[in-house]
Amino acid sequence: MKLDEHTADQKLSLDVTPLIDVVFLLVLFFAVSTSFISAEDLQGLKSSLVTLTVDKQQLSGRLAYQDEEIDRLGGAFSDLQTEYDRMVEQKTAELRQLGREIERKEGEAAKYQWMLDALEKEKVTLLEQQRRGSATAKALKEQLEQAFKDYASLTLKLDTLKVERDDQARTEALLLALYEERSAEASSVEEALERSESARANLAETVAARTKESTNLTLELEVLRRRVARQDRELEKHEALALRNQNQADRITAARATIGQALAAYLKDQSIGIEQTPQKLVLQLADRILFDSGSAEIKPEGLTVLRSVGKILLARLGDLSVRIGGHTDNVPMRVIRTNGLDSNWSLSSARAVNVVRFLENEVGISPEKLAATGYGEHQPIADNRTAAGRARNRRIEIVLVPPSN
């Protein structure tokens, strides 16, 4: 037990009291034995000794009380020391807990900052995609306007050809009438020859001239008929081409509407992009959702996305054909894979073939409608000098086109 300095001094003064008594008794015995003091002094010393004895008893009582008090204070101090140690241990544990909490909060703050930076980057990407979407929409609008202009031009040309055909028909009718008139004249001349022998020679010449003229008119009529037939065939060809272009545009537009509606969730989170021209519809799938870097094997989560897209295509494909194109960025492959992939070209081709096999074997799309092509880095859609551009160039394109016949 630890005591303060004041209590220790009191304990020391009480402990030396018996020693003083012993010294006093020795001095008294020495004085009596040597007769240095008188009987009165001795009696006084005895009285003093009695007084000292009483004081000693009182001091002994006080000492016992103080010892008890010291023991009590020592116990209380021990309890305080124990409580202090407990509180120190508790506060230390709390400080450690606060330290861990601070570290956790700092980690959360770093995480939130990272998320904030990522959201900011995504915001920039979304703004860029919105800008590109606006540009694409503008381009599509211009293409549709051009298509309508071409259709109007073809219609105008068709009307012109119809007018020319009608004019040639009228000319042909006039030539036929003239031919009949000349034939009637020839018949009249022949009758006149029968009535007048003297005028036969002149009439023969007239008949020959009219016959030659009739032959020339017949030849000219045949030329006109051939020209009309050729113009009719050209007109039919233009009409068929215009109808085919319009049908293709209608099929592509219908496919864009139905497939875009079915893939709305993928378009919203930008896992898939979609582009349309009058001749084709292109679905762009980022390689990160289908493949690991440098690999042609489709990831499990990529299989899920590809199966969903494939089922939508199967349900809404109609007579459209599916061309799968594999594309990469321009960064060369650093390691030759054990499966023989030694270049971006071979990697893009293997990826396209694996997608085609999956659509045929797992989704059930007819192989006659499927084709696979690897383009490597040779058809980029963005700048390969930036990470964002390279990410856009690493893609699988599913191109829907009308049949060639």
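In the protein, 24% of the 405 residues are buried, where buried denotes under 20% relative accessible area, exposed over 50% and partly exposed the range in between, for a 1.4 Å probe and protein chains only. The model is a predicted one, in which local features need pLDDT of at least 70 and side-chain atom pairs count only at pLDDT 80 or more, while totals for chains, interfaces and linings use all residues. Residues are numbered from 1 along each chain as its sequence is written, and side-chain values use heavy atoms, with hydrogens and water left out.

The protein comprises eight helices and five strands, these being DSSP runs numbered from the N terminus (H or I of at least four residues for helices, E of at least two for strands). From the N terminus, the order of elements is α-α-α-α-α-β-β-α-β-α-β-α-β. Of the contacts with a separation of 6 or more, 70% are accounted for by residues 24 or more positions apart, a contact being heavy atoms within 4.5 Å.

The structure contains 16 salt bridges, each defined by a side-chain nitrogen of Lys or Arg within 4 Å of a carboxyl oxygen of Asp or Glu. In helix α3 (residues 39-195), arginine 86 and glutamate 83 lie three residues apart, about one turn of the helix, and their side chains form a salt bridge with an N to O distance of 2.3 Å. Arginine 86 is partly exposed at 44% relative accessibility, as is glutamate 83 at 33%. Glutamate 101 and lysine 105 are also joined by a salt bridge (3.9 Å, N to O); because they are four residues apart in helix α3, about one helical turn separates them. This pair belongs to a network of salt bridges that links Glu101, Arg104, Lys105 and Glu108.

A further salt bridge, at 2.8 Å from N to O, connects the side chains of arginine 394 and aspartate 329. Arginine 394 is located in the loop between α8 and β5 (395-401) and aspartate 329 in the loop between β3 (321-327) and α7 (344-363), so the pair ties together parts that are 65 residues apart in sequence. Arginine 394 is partly exposed, with 26% relative accessibility, whereas aspartate 329 is buried at 8%.

Arginine 394 also takes part in the surroundings of aspartate 287, which, leaving aside neighbours within four places in sequence, is in contact with Arg351, Arg394 and Arg395. Aspartate 287 occupies the loop between β2 (281-286) and α6 (300-316) and is buried, with a relative accessible area of 9%.
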